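My entries follow the structure.

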Amino acid sequence: MKRTANGLVLCSLLLLTLMLCSVQTAFAAETGGLRYTVTVAKFENRAGWSGQWDVGDAWGLVMTDILNQTGRFIVLGEKDMRIEALQEQDLGASGRTAQGIAPPIGQMTPAQLIVKGAITHIQDTAATGGAFSVGGVTLGGGGGSAEVNVTMYMVDSTTGQVVASKSVVGKSGSSSGFIGYSGNGWSGGIGGFRKSNVGKAIENAVSQGVEWMVGQLPRIHWKGSVIMVRDSSVYINRGSREGVKQGQVFVVGSSEIIRDPSTGEVLDESVTEVARIRVATLKEKLAICEMESGQSSSIEKGMGVQLP
């Protein structure tokens, strides 16, 4: 009887492993294994909930962490972090700091996708006992339950269009369940935050949201561009950081944006193919490609690059 039970457990684990591998393989096939740059905007607190920490900041903190752990995004600093970086660059460029140590300008990585949204409802049934600390403030914890309702959007940073939206409900007693996410990377104040009911509900909601985001990627165009053509070599602004692989083939062509003549809204963007290139030399932030088809003389700086 015990051997049968152990056999069933092993079979279940094997089946789960095969399912996870299948999902990851399907994702890689549909997106070419390429990664998208993303930044998280602060989520508005429309729930009327108040506590000793900001729920919008907490959401951004958790989402940035989980997005980073998936390995499928290049996660940029949250908006306030990027603004502070820009202010530091402006200060350095003003000449009011010691020479030679000012951060250079014009090197910040742009986001392809922006994640934003609103926390619309929070229900927290607290219980006593089990104190924890967040940001130096000690709060009661342990027991009870919480539910968090969130509406989130994925926005194309080029056009400002909402490419997808989703409402999620996170519950403190539910398993996060996101493939590849363990939650083991939490530490310090974040670790304390996870002990609260609302914190657990937020983590669960974020996990659902990130899993949904990953599912949207196959229908969101991954784009790059030509930065230089030298002899028969074509340099593109995407490298190993973005998941580009040696030997990978891309279409190069002129990008054409179709707009609504009455509103100016971007309706579509397409690339008219002039050549195909294959990655020959791979670096972190760029790839040097050789011609697969077509002529290098037909390729110009600024042309679009995408999957076939």
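Entry one. I looked up Arg241 and Glu242 and found both residues buried, where buried means under 20% relative accessible area, exposed over 50%, and partly exposed in between (1.4 Å probe, protein chains only). Arg241 and Glu242 form a salt bridge, with 2.8 Å between the closest N and O atoms. I count as a salt bridge a side-chain nitrogen of Lys or Arg within 4 Å of a carboxyl oxygen of Asp or Glu.

Ground rules. The model is predicted, so I take local features only at pLDDT of at least 70 and side-chain atom pairs only at pLDDT 80 or more, while totals for chains, interfaces and linings use all residues. Residues are numbered from 1 along each chain as its sequence is written, and side-chain values use heavy atoms, with hydrogens and water left out.

Entry two. I searched the whole structure and got six salt bridges. One of them joins Lys42 to Asp54 at 3.2 Å, N to O. Lys42 sits in the loop between strand 1 (36-40) and strand 2 (44-45), and Asp54 in the loop between strand 2 and helix 2 (55-70), so this pair ties together parts 12 residues apart in sequence. Helices (H or I, at least four residues) and strands (E, at least two) are DSSP runs, numbered from the N terminus. Lys42 is partly exposed at 49% relative accessible area, and Asp54 is partly exposed at 36%.

I noted a salt bridge between Arg276 and Glu273, with the closest N and O atoms 2.9 Å apart. Arg276 is partly exposed at 28% relative accessible area, and Glu273 is partly exposed at 39%. I then checked for shared partners: Lys42, Asp54 and Asp57 are joined into one network of salt bridges.
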